[in-house]
Amino acid sequence: MPAARGILLYSGGLDSVIAAKVLFAQNIELTGFQCILPFYPPDFDPETLPSADLARRIGLEVSYHRLGRDYIDLARNPPHGYGKRMNPCVDCKIHFIRKAAELMRETGADFVATGEVVGQRPMSQMKHMLNHIVKESGIEGRLLRPLSAQILKPTIPEETGLVDRARLLNISGRGRGIQMALAREYGITQYESPSGGCLFTDVGISRRVRDLFDHHADIDALDMFFLTIGRHFRLTGEVKAIVSRNEKENNEFGKYIDRIDYLLEPQFRGPLIALKGDSDPTAIDRARALMARYSKLTGADYRIRLLRRGQIVSELGLPDPVSDIELEAMRI
Ligand code: SF4
């Protein structure tokens, strides 16, 4: 019988690594599939991730999928709601599995596998939710959870004998003792922290995500990446500002200058300020006052260039700096 072929939803976390090892032990041909959240810079190379290094060490070839607008639209309006913060975990999981299923169909693989464990996470991994995710992902019968397979309904590859159900596992619950013991057995000592959620679960980032989703209709992956750099301020209902904090962040703005709605570029030593939104005089005045604050300068002699999508549109002076109270009121 030809070896079974599977697509493994891979993250570099302990569970997905153990899932890979359990399937490799049956000589199953596996391709890892890793989704890259839009918080990463557009020019980010996933091969530099620690998870990529781990995949190489366990012999797993990984196909990377950068999440774009369809994912952002889903995160903005997730049918199953959010977790503790702005993390749309259930819909995120379904989306990842659907994307992995596309690869399964393209490559003629037999199933999609995940490292999910029954009862491990409060919302997305309760047994009824795992069953619901199977239905929603559209690959009923072909979604295999090797770590909990023996306590779940058999899948088609198990029923047809492509995958030996007896050699899959029956783990359930929040503890990770069994997985850690297996990792030691397999000689795996480094893996991504099991407790770490993604940036949607971060207090500061989720506040910025909420603000972005609430105020702007047109959001792309660059907007999501920009949430991870600079200081963020809401200038008006339509316009937000991001003040760079160092040379590295200046360079990031520089790379995408023709995609930034408005950029304030000081002709003196000061931060770059990127604006998102259709700007108006109030927003520009507030952004200039932020510039005065962060450059610790003031006066019409200090000139700021205003660029719209990389093109200079005017040159302005520096007003008085924004006060402490105004600054805190605008901070996102
Ligand atoms: S923690 Fe983040 S990446 Fe993981 S399922 Fe939830 S939203 Fe998606």
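**Sheets, a helix and a ligand**

Reply: Happy to! One thing to keep in mind is that this is a predicted model. Let's begin with helix 11, residues 281–295, which lies across strands 6, 7, 8, 9, 10 and 11 and runs at about 60 degrees to strand 11.

Me: What makes strand 6 and strand 11 edge strands?

Reply: Look at the order of this open, antiparallel sheet of six strands: 6-7-9-8-10-11. Strand 6 (231–234) and strand 11 (311–318) each have a single partner strand, so one side of each has no neighbour in the sheet. From one strand to the next, the twist averages 25 degrees.

Me: How do you know that strand 7 and strand 9 pair?

Reply: Pairing takes at least two bridges. Strand 7 (residues 240–243) and strand 9 (residues 273–276) are joined by four bridges and run antiparallel, so by that rule they pair. Val243, for one, has Ile273 in strand 9 as its bridge partner.

Me: Why is the shell around the ligand called nonpolar?

Reply: The ligand is surrounded by Pro88, Cys89, Cys92 and Cys198. Cys and Pro both count as nonpolar, so the shell has four nonpolar, no polar and no charged residues.

Technical notes. Residues are numbered from 1 along each chain as its sequence is written. This is a predicted model: local features need pLDDT of at least 70, side-chain atom pairs count only at pLDDT 80 or more; totals for chains, interfaces and linings use all residues. Side-chain values use heavy atoms; hydrogens and water are left out. Helices (H or I, at least four residues) and strands (E, at least two) are DSSP runs, numbered from the N terminus. Axes are lines fitted to C-alpha atoms, for helices over the stretch in contact, and angles run from 0 to 180 degrees between N-to-C directions. Contact means heavy atoms within 4.5 Å. A residue is near a molecule or strand if one of its heavy atoms lies within 4 Å of it.
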